[in-house]
Amino acid sequence: MYDYHHTQLDGTTERVGRASFSLQSLCHRGSLLYYICSRLLALDFLKLFSSRLPNPPSFFFSKMANAASGIAVHDDCKLKFLELKAKRTHRFIVFKIEEKQKQVMVEKVGEPAESYEDFTASLPADECRYAVYDFDFVTEENCQKSKIFFIAWSPDTSRVRSKMIYASSKDRFKRELDGIQVELQATDPTEMGLDVIKSRAS
């Protein structure tokens, strides 16, 4: 049972509504849905709590968010991304959530000479993945530039459970990759074709 209150100008409060529901009763038929709902409620609480701290440490929210989402990030993910961003030793990185380990892991790393077609061929047709791609292009002013894309690959044919886990963990994972310039979500290859990448880069 939840009461909703409104604060008056004089500092007093009055109840303006009441809602009654049981999270467990709503989700008793689906343990996964119950798990995700409870985690999202925990994450909302953490956001509220951290916002009330006078000087919250920078690591506070990311650590708490990690606990709320239930998915950790392997250190190798950040290491490989830094190599792509700073040293440009990789063209792309494909990341996979290992559900048993509850951790995002590096699945494949592309060499600098590999093409965009090589990258798309590395994404499974019926499984979700995260990926980053370092896209080189030439501007209309004939300047050589590059942008780092974050791609959330969630094909229509993938499992519902997998889609929910990847969707709920995406923002948490992206925060670990400092330097993402463009985000792209795709459910089929046409939504992340080379023409789409070019248009989003310019």
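Phe149 stands opposite Val182 in β8. Helices (H or I, at least four residues) and strands (E, at least two) are DSSP runs, numbered from the N terminus. Two strands pair if DSSP finds at least two bridges between them. The model is a predicted one, in which local features need pLDDT of at least 70 and side-chain atom pairs count only at pLDDT 80 or more, while totals for chains, interfaces and linings use all residues. Residues are numbered from 1 along each chain as its sequence is written, and side-chain values use heavy atoms, with hydrogens and water left out.

The protein chain has seven helices and eight strands. Of its 202 residues, 33% are buried, where buried means under 20% relative accessible area, exposed over 50%, and partly exposed in between (1.4 Å probe, protein chains only). A contact means heavy atoms within 4.5 Å. Among contacts between residues at least 6 apart in sequence, 55% join residues at least 24 apart.

Six strands form an open sheet in the order β3-β5-β4-β6-β7-β8, with mixed pairing. Its edge strands are β3 and β8, each of which pairs on one side only. Strand β8 runs parallel to β7, and five bridges join the two. Ala152 has Gln185 of β8 as its bridge partner.

Helix α4 covers residues 75-87. The expected span of a helix is 1.5 Å times one less than its number of residues. For the 13 residues of α4 this gives 18 Å, and the end C-alpha atoms are 18 Å apart, which agrees. The buried residues of α4 are Cys77, Phe81, Glu83 and Leu84. They lie on the same side of α4 because they cover an arc of only 155° around the axis, the arc being that of the directions from the helix axis to the C-beta atoms. Asp75, Ala86 and Lys87, on the other side of α4, are exposed. The buried residues of α4 pack against β3 (72-73), β4 (92-98), β5 (103-110), β6 (129-138), β7 (144-153) and α6 (160-175). Just after α4, Arg88 takes a positive phi of about 55°.

Helix α6 contains Ile165, which counts as buried because its relative accessibility is 11%. Not counting residues up to four places away in sequence, Ile165 touches Ile71, Ile97, Glu99 and Tyr130. Ile165 and Ile71 are 94 residues apart along the chain, and their C-alpha atoms are separated by 8.7 Å.

Pockets are found on a 1 Å grid over the protein atoms alone: a pocket is an open set of points with protein on both sides within 12 Å along at least five of seven lines, and lining residues have an atom within 4 Å of a point. The second largest pocket is lined by 13 residues, of which Ala152, Ser154, Tyr166, Ala167 and Gln185 lie nearest its centre. The elements that give two or more residues to this lining are β6, β7, α6 and β8. Helix α6 provides the largest share, four residues.

Conventions. On a 1 Å grid over the protein atoms alone, a cavity is a set of points where a 1.4 Å probe fits but cannot get out, and a pocket is an open set with protein on both sides within 12 Å along at least five of seven lines; lining residues have an atom within 4 Å of a point.
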